[in-house]
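Welcome! Please take a moment to look over the sequence and the 3D structure below before reading on.

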Amino acid sequence: MQRNPDMRLLFPTSFSDACFRTSRAVAQLADICGIHLTIAHVAKPGAATIGTRRELDSFMAEADHYDHCRRVLIEAADPVEAIGELCDHENFDLVLAPASDRLGLQRLISASTRARLINRCKAPVWTAGKCLDRSLFKSSIQTIACLLDFDCPTDNHLRLASALAWRTGAKLRVVTLVSDADEGTLVNSLYSRAPLMPDVAAAQIRSAFVGLHCPEVDVAVGDAVTELPRMLSRCDADVAFIGPGQALGGGWSTRLAPYLDRLPCPAICVDGASASFEGWSFQAGDSRAVAAHGQAMAS
């Protein structure tokens, strides 16, 4: 009899090289906990041929040995909407969407398409840029980093990162950035809660963990495009949690934040429709994970 899964994964594939490399991340999770895996391919209307079905059935053949694996072939004009509807009807914990020149769901590789997935899917979205080519995906996740922004909600993705760290036995690190001080920074500080000094930022984060185990805190000075990859490399992060307002950039179109594809590790984006994601499957039956060692920052 199949046991209840720890994680329910949705893996949209276009059979690209990036998708094949992402299968290593799926295998890593399968080694750590019980997973239910759904592998989905979205074909254009009328393009779901017998050959396409065979390609889907043979993709990531090792997944057939997991606790549960199913393969879904969908015909749809809009692959993002098709995957979003699948998320609407099933309780997935994670959607995997690597960067690539082609993602199976038609162009599910362009930054804007992944941004649309984050904006549409009710489950957090796992993604990775160039690091996917060289990632080792160790047998255990050892360090989970969580990016905090003083001007964006932090409680939900911090709780999720903390719960996953508890479940995998990983170390949780909280990372944040402080802007370089200049005249523009001083003006912006009138409308921002972000501290201007690294020591103040670190102290404010630690004060939110009074009476609880406080994770290590790293603060860097500078912009996310340059400094965040360096900070994650220094702490040897295996995965980084990116919260509301941090994964999706502003502007007239839905776009990814420019630093995401430069990170040295995969990122789990809890933004867009997943900003209010309630919790992982394993939390439903484990109060210790629900009461994870991370809490919301003091307002």
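What percentage of the contacts in the protein with a separation of 6 or more is accounted for by residues 24 or more positions apart? The figure is 79%, where contact means heavy atoms within 4.5 Å. Keep in mind that this is a predicted model, in which local features need pLDDT of at least 70, side-chain atom pairs count only at pLDDT 80 or more, and totals for chains, interfaces and linings use all residues. Residues are numbered from 1 along each chain as its sequence is written, and side-chain values use heavy atoms, with hydrogens and water left out.

The protein has 299 residues, and 54% of them are buried (under 20% relative accessible area; exposed is over 50% and partly exposed in between, with a 1.4 Å probe and protein chains only). Its secondary structure consists of 9 helices and 12 strands; these are DSSP runs numbered from the N terminus, with helices (H or I) of at least four residues and strands (E) of at least two.

Now for the spaces inside. On a 1 Å grid over the protein atoms alone, a cavity is a set of points where a 1.4 Å probe fits but cannot get out, while a pocket is an open set with protein on both sides within 12 Å along at least five of seven lines; lining residues have an atom within 4 Å of a point. A volume is the space filled by probe spheres set on the points, which are joined across faces, edges and corners.

The structure holds 1 cavity of 30 Å³ or more. Of its 15 lining residues, Gln-28, Leu-29, Trp-126, Ile-141 and Val-239 are the closest to the centre. Helix α1 (17-32) and strand β4 (94-96) each supply at least two lining residues, and the largest share, 3 residues, comes from α1.

The second largest pocket is lined by 16 residues, with Asn-91, Phe-92, Phe-277, Glu-278 and Gly-279 nearest its centre. The table sets out volumes and lining classes. Ala, Val, Leu, Ile, Met, Phe, Trp, Tyr, Cys and Pro count as nonpolar, Asp, Glu, Lys and Arg as charged, and the others, Gly among them, as polar.

| Space | Volume | Lining classes |
|---|---|---|
| Largest cavity | about 120 Å³ | 13 nonpolar, 1 polar and 1 charged residues |
| Second largest pocket | about 360 Å³ | 6 nonpolar, 4 polar and 6 charged residues |

Finally, a look at the backbone. Most residues other than glycine have a negative phi. Phe-137, however, has a positive phi of about 50 degrees. Phe-137 lies in the loop between β5 (125-127) and β6 (143-148), and counts as buried because its relative accessibility is 13%.
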